[in-house]
Amino acid sequence: MRNTFNEQLEQLNVELIKMGALCEEAISAATKAYLEADRELGQRACQLEQEIDHKERDIEGQCMKLLLRQQPVARDLRSVSAAMRMISDMERIGDQASDIAEIARDIQSNQLASQVPMEEMARQAISMVTDSVDAFVRGDLALAHSVIVQDDILDHLFLQVREELIGLIASGKNGSVCLDMLMIAKYFERIGDHACNIAQWVEYAITGQYEDD
Amino acid sequence: MTAKIFRNSMAVGISVFLLSVALFMGVLYQYFGNQLTEELETEAWLVAKGVETMGMDYLDGLKSSSRITWIDQDGTVLYDSVADPATMKNHADREEIQEAMLGTQGTARRESATLSEKTFYVARRLEDGTVIRLASAQYTVVVLLLSMVQPLLIILVVTLILAAVLASRLSKRMIQPILALDLEHPENCDTYDELAPLLTRIRRQNDTIGRQMELMGQRRQEFEALTENMSEGFVLLDQKGHILSYNTGTLRLLGVLPPAEEANVLALDRTDAFRKSVEQVLQGVRNQCRLDRGGRCVQLLADPVFRDNQVAGAVLVLVDVTEREQGEKMRREFTANVSHELKTPLTAISGMAEIISNGMVKPEDVPGFAGDIYKESQRLIALVEDIIHLSRLDEGGTDLRREQVDLLEVARKTVQRLQPLAKQAGVTLAVAGASLVMQGVPSVLEEMVYNLCDNAVKYNHKGGTVTLSVVPGESGGEVTVADNGIGIPAEDQERVFERFYRVDKSHSKEIGGTGLGLSIVKHGAALHDARVELKSTLGEGTTVRLIFP
């Protein structure tokens, strides 16, 4: 009985890792779609978003089954409930990636992107998502913590991008492109927040303490 | 154990108790019965004497615990100490009376109707023929037992408590030495003799396990030493995708930290390609894929392991193929370049020859065309020669003979050969330095020095200088070719040694050359274990040093 339970828990872990990998792929595809104006990658990002949604439902079902049939306690219960929270954050990351890809599809030129630290934001967001999934895979508390700390960098970058975009609009550049860019920057910032949340759930699963406590 | 001992001691206690109760009851009951009869006999004799002397008066004044009945010769009751004689039946048929009538004394014992009592009768015949009978009752065994229930129960309870206490004490004391057994070192244990065979056996098994563990440890160490020294990555998986074993090469190639014990293989890498490859291999399909890891290209070979026609696991081998990829790319480029370089002069030759053969050229112009054809074919020959040189050097120069070479001599010869060209370009060529004799392949060394000087003359200004100096060192020495020509831009300095690389692509045709000169220098230097150092400033000149160890 316990054996089945452990196997199911492990299966859950593997699925979570896969979902994390899908998120990483989606966000880097979306970023490339935007920065390199690659339409195919944009479509790929939207496909991945759907896969992520499926995965979320799958994992949710698995978690429910585990909770109802095995009635886990203590640490196991924490992992299952952390998993349930994590997947909703991952799903949001997938959504935002596909949103970025959609804006990238409609945007006419990405020449302005090199004038603001957009690429840096993308890199930072991707690395935070990667690190948070890594922290989960390895159960690495220190790494999870570093993701939470990194969020400030991304927030700061967002403010910087915003300032510079305001400057660009004021200097008479294409306003609608600037607004689209602001949206994308905001999405990156949100992705960072979700990565941060995932890291917090990893901390919770390991220590039983939630950062906001 | 405690419960078993308790049950046993309880059983012993209770059975001893029951046996002794039965024994006492049996023996004592008999004894008391006999005593009672004897007493009754004595009393009957006394009462008989009393009645003989005093008659009824004696009976009236008598106080006795026994029941006394006086019976006439015909059996009529004359007196009874308990009941009214008038109501009593004739006693002539009673056993003890009849016995007494015949002799002098009769005894009998009868159970009472309720079974709770037993009555002893003793009858004695008087001299006048009447009979005195004494009766005394005794409780039966059952009644006696019933009356003793309470003390018996108390004794039972005490036995229970005693048995429990003893049992727990006993089992504790018995188990104590067993618990204190040191199973790691059973030979040092001083315990019950009965356990000796068990301990011997444990000792033997300990030895066997120890030996096997040691052997396994050794094997494992050997295995690890082998896999650790592989530059390739190596991962063993079980059929569920858990990592059984991996080497540090894996971590280096994938750029990950060591995963937890028995972690899922996805902890190593979770990219799409890797996941699919692992999924397939665990279904028994051999496959391979490419992973891009931070600029390095890693090839993953996944091989399933079968046992009884079932997938029992998988072996993943990771190979860094970055260099191979780069090599392949370079070879492809080289082939493309060679074909291009060969085709250009050939096209020119073929074109000119065609015009001549068609008779479209005036006879007086033919020598000019022939000169062009000659020039182009010379270029072709030079190119092919260079390629042959290079490919020979590529093979490691195994078929090239080494002999004593004086580099100063080589330098002088080269300068002589290049003097006409230098004069044409208005460049001064000079040799300096001392004799430097070393082991080397003369043709290659000549080619190297020639190419360097040729470049120095070609890429120079009018009135420039080229200095060739040979400086012997402690063991080897160096050859330096310095010019004050046009120099090489910093961004191109790294690439000039590549095959067919030209700094100024647009004027290469005017200047001539094959684009292979410096590549030959590089390979020739490698053949002689020498180092090539290039220093150049754009517009000021270039210095190339060949440092021989």
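Helices here are DSSP runs of H or I with at least four residues, strands are runs of E with at least two, and both are numbered from the N terminus. I counted 14 helices and 17 strands in chain B on that basis.

The model is predicted, so I noted its limits: local features need pLDDT of at least 70, side-chain atom pairs count only at pLDDT 80 or more, and totals for chains, interfaces and linings use all residues. Residues are numbered from 1 along each chain as its sequence is written, with chains lettered from A and ligands numbered from 1 in the order in which they are written.

Entry: chain B overall. I took a residue as buried if 20 or more other C-beta atoms lie within 10 Å of its own, exposed if 12 or fewer, and partly exposed in between, with C-beta atoms placed from the backbone. Of the 549 residues in chain B, 23% are buried. I took two residues as in contact if their C-beta atoms, placed from the backbone, lie within 7 Å. Among contacts in chain B with a separation of 6 or more, 54% join residues 24 or more positions apart.

Entry: B:A432. I found this residue in strand β12 (residues 428-433) of chain B. B:A432 counts as exposed because it has 12 C-beta neighbours inside 10 Å. Leaving out residues up to four places away in sequence, B:A432 touches B:T467 and B:S469. I also looked up B:V470, 38 residues along the chain from B:A432; their C-alpha atoms are 6.5 Å apart.

Entry: nonpolar cores. I used sets of buried Ala, Val, Leu, Ile, Met, Phe, Trp, Tyr and Cys residues joined through C-beta atoms within 7 Å. The largest has 82 residues, and those with the most contacts inside it include A:M121, A:A125 and A:V129. Helix α6(A) gives this core its largest share, 14 residues. Another core lies apart from it, with 39 residues, including B:V410 and B:L546.

Entry: A:M121. Neighbours within four places in sequence aside, I listed A:L154, A:L157, A:F158, A:V161, A:A185 and A:F188 as the contacts of A:M121.

Entry: α4(A) and α6(A). I took axes as lines fitted to C-alpha atoms, for helices over the stretch in contact, with angles from 0 to 180 degrees between N-to-C directions. The axes of α4 (residues 118-138) and α6 (residues 175-207) of chain A come within 9 Å and cross at roughly 20 degrees. The contact is made by residues including A:M121 and A:A125 of α4(A) and A:A185 and A:F188 of α6(A).
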